[in-house]
Amino acid sequence: MAELDKLLRHNKIETCTECGGRMRAVRSGVYECETCGAQALDDFGRIREYMKDHGSATKEELVVVLGVRAEVVNEYIRQQRLEEAGNAGDGKCLLCGAPIKFGSICAKCKRTSRSGTTAGKPAGASGKRRYM
Ligand SMILES: [Zn+2]
Ligand SMILES: [Zn+2]
């Protein structure tokens, strides 16, 4: 556990890589330099971005693609922080019901929904409704 604490603390970004200025957290996982305004993401921020792009991700994916330590990913899941990135996070794709680890839509539906109405939003003014 102490080891994990170290990993999580190490993860905090304190110094700007651009100018060496002080970084402050502007929101969960995102840091901004007080001097030059450069932004940086910690592991959590990167996971969040990745899941925003892909709709969902497996733990293995995060470890392999982002190089985040599995223990760290586990800890975020345990703290339920990762559910913030998706919206449902109950382990099922909202559209097709396929099992996913977190996020709200499986990778396949994410791809499909990209070409049409944004998933999860009501059809809106156009009145065009996609089948679920
Ligand atoms: Zn800076
Ligand atoms: Zn799906």
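This is a predicted model: local features need pLDDT of at least 70, side-chain atom pairs count only at pLDDT 80 or more; totals for chains, interfaces and linings use all residues.

The request concerns helix α4: which of its residues are buried, which are exposed, and what covers the buried ones?

Reply: The protein chain holds five helices and five strands. From the N terminus on, the elements run α-β-β-β-α-β-α-α-β-α. Of the 132 residues in the protein chain, 26% are buried. Take the contacts between residues at least 6 apart in sequence: 33% of them join residues at least 24 apart.

Now the helix. α4 spans residues 70–78. Val-72, Val-73 and Tyr-76 are its buried residues. Viewed down the axis of α4, the buried residues fall within an arc of 100°, so they line one face of the helix. The other side of α4 has exposed residues: Ala-70, Asn-74 and Arg-78.

What covers the buried residues? The cover includes three helices: α1 (2–10), α2 (43–54) and α3 (59–66). After α4 comes Gln-80. The phi of Gln-80 is positive, near 60°.

The mean pLDDT of the protein chain is 79, and 78% of the residues score at least 70. Strand β2 (residues 30–33) has the highest confidence, at 96. Strand β5 (residues 102–103) has the lowest, at a mean of 70. Residues 84–89 have a pLDDT below 50. Even so, that stretch has 18 contacts in the model beyond near neighbours in sequence.

Conventions
Residues are numbered from 1 along each chain as its sequence is written. Chains are lettered from A and ligands numbered from 1 in the order in which they are written. A residue is buried if 20 or more other C-beta atoms lie within 10 Å of its own, exposed if 12 or fewer, and partly exposed in between; C-beta atoms are placed from the backbone. Helices (H or I, at least four residues) and strands (E, at least two) are DSSP runs, numbered from the N terminus. The arc is that of the directions from the helix axis to the C-beta atoms. Two residues are in contact if their C-beta atoms, placed from the backbone, lie within 7 Å. pLDDT is the predictor's confidence in each residue, from 0 to 100.
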